[in-house]
Amino acid sequence: LSGIRISDFPKHRAYDQVFFLCTKTQSYSRPSYFPWRCIEKILKDDASEEKGERARMASFVGAIAITDLVKTTLGPKGMDKILQSTGRGHEVTVTNDGATILKSLHIDNPAAKVLIDISKVQDDEVGDGTTSVVVLAGELLREAEKLVAAKIHPMTIISGYRMAAECARNALLQRVVDNKENAEKFKSDLMKIAMTTLSSKILSQDKEHFAQLAVDAVMRLKGSTNLEAIQIIKKPGGSLKDSFLDEGFILDKKIGLGQPKRIENAKILVANTAMDTDKVKIYGARVRVDSMSKVAEIEGAEKEKMREKVKKILGHGINCFVNRQLIYNFPEELFADAGILAIEHADFDGIERLALVTGGEIASTFDNPESVKLGHCKLIEEIMIGEDKLIHFSGVEMGQACTIVLRGASHHVLDEAERSLHDALCVLSQTVNDTRVLLGGGWPEMVMAKEVDELARKTPGKKSHAIEAFSRALVAIPTIIADNAGLDSADLVAKLRAEHHKEGCNAGIDVISGSVGDMAELGISEAFKVKQAVLLSATEAAEMILRVDEIITCAPRKREDRM
């Protein structure tokens, strides 16, 4: 058998019999007749599978790599990333928003995809904490890797993590502050939360100004979480400080020639209909005529058709017509003659939002005026922002509608400012519904870690190792915040842990002064809902990846040769 021992083969009766058959019928020297050749392959040629230790290793490595990628963006001194697309134009995005970075990555590792998904869900659900949730999940897996290496079964780790997550959540619940009854204090809480959220973004230099804008916009919603009513318009030019909040709705369009520039008590018809058929369309139309006069007749018929359509629209008793599609010169002329303001080519988001805030509906047929719901507003006028003219609708039916106009040096700055402001608006709108508030700056993680540590000491068996590991993963968040600020994290976290053993402690990391500070005095607050979502999502994601013991990659579909 030239160096191969019988003991190298699996001790299994089926294998023994196959081996026996192979050895009886063929000489030993032919490698194609060894047992693994005798048993037929299950998977297709290009499919692959990784089992046991290798599969778990691939999952851990992928998830930890994603964590290391985004963890430098965490905290007030986090850095930005430049994302460059490979498509046409090589678009560049500059951002430190965890969800935006991860959404833009094309990743092959299945475990990494799980982390990207939890980051997206966090962004959709509460808006902030997209980096924290990935970092916490990654740290939990980093700890789990050490435990698996120490021969602790993944299911034991999972049940320990579950106990620790429940204990951590209860620790936060005992320390929440709720100022729902006191409107003044609650508004101040909202301001603190908005400033804390914005302090890790591009808007951190003007965070008081933008926090005020965000709080004013969210207070207008009166408890609704529908952010459709808050429109954000980006206009390059000026500086970020020049951004402002305007009540009502602003449409990024110009008013046409010869049309009224100001309308009071407007009745608005919002439509999505073709108003560009007053000429014979050349493409796709084939008309055979024997003289030019016949062409003129056809054009005349087209014009007549358009005149009829305009007459039907005027029959609704409106004084403003907003269309999603183009309006050609002829119908525009007819509208101007009737003294009606006609706005063409308003983008689809624009007209959907306009219909929503003015209380109208988007119409596409005009035969039954009584079934069309018109929008109403007190005043339509043309305004100037920078060099551009825009149309301003004030006194709209949906009272909570407002527009935030962002000014800035370039499109990249404006895009990042919009993402930052959107995060703040999401967090605030969730906090208005769930009014519980916590302190920030690494305080919640230290509170949770302390309680989880105590639970680990009381728990017998191997689970206590997993619970202890959970506590270490929680402490990793303040450690990373300190590292990103260029501080001595080991020293700071040790001081922080010592402070937290005192009763009623409010200590957290103050990255500005580079020391341990009182979070209540510094006004650093976070929403309970965000912290709870981070804790639960990260634990569930880590649990899901820990359960994996096999990765099967399917064979790609081959294209059929149609030749």
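## Second largest cavity

The second largest cavity holds about 40 Å³ of space. It belongs to a predicted model. A search of the whole structure finds 2 cavities of 30 Å³ or more.

Eight names make up the lining of this second largest cavity: L136, E445, M448, L474, I477, K531, V534 and L535. By class, the lining residues are 6 nonpolar and 2 charged, with no polar ones. Helix 14 (443-458), helix 15 (463-484) and helix 18 (528-546) each contribute at least two residues to the lining of this cavity. Helix 18 has the largest share, 3 residues.

## Largest pocket

The largest pocket has a volume of about 900 Å³. It is lined by 43 residues, and the closest to its centre are G75, P76, T196, S199 and S200. The lining of the largest pocket splits into 15 nonpolar, 18 polar and 10 charged residues.

Several elements each supply at least two residues of the pocket lining: helix 6 (130-149), helix 8 (183-198), helix 15, strand 16 (507-510), strand 18 (525-527) and helix 18. Helix 8 gives the most, with 5 residues.

## Position between domains

Where does the largest pocket lie? Domain 1 (50-178 + 440-553) gives residues to its lining, and domain 2 (181-248 + 399-432) does too, so the largest pocket lies between them.

Helix 15 and helix 18 each supply at least two residues to the lining of the second largest cavity. Each also supplies at least two to the lining of the largest pocket.

Technical notes. Residues numbered from 1 in each chain as written. Predicted model: local features only at pLDDT ≥ 70, side-chain atom pairs only at ≥ 80, totals over all residues. Heavy atoms only, no water. 1 Å grid on protein atoms, 1.4 Å probe; cavity = no way out; pocket = protein on both sides within 12 Å on 5 of 7 lines; lining within 4 Å. Points joined across faces, edges and corners; volume = space filled by probe spheres on them. Helix = DSSP H or I, 4+ residues; strand = E, 2+ residues; numbered from the N terminus. Nonpolar A, V, L, I, M, F, W, Y, C, P; charged D, E, K, R; others polar. Domains from an automatic or database assignment.
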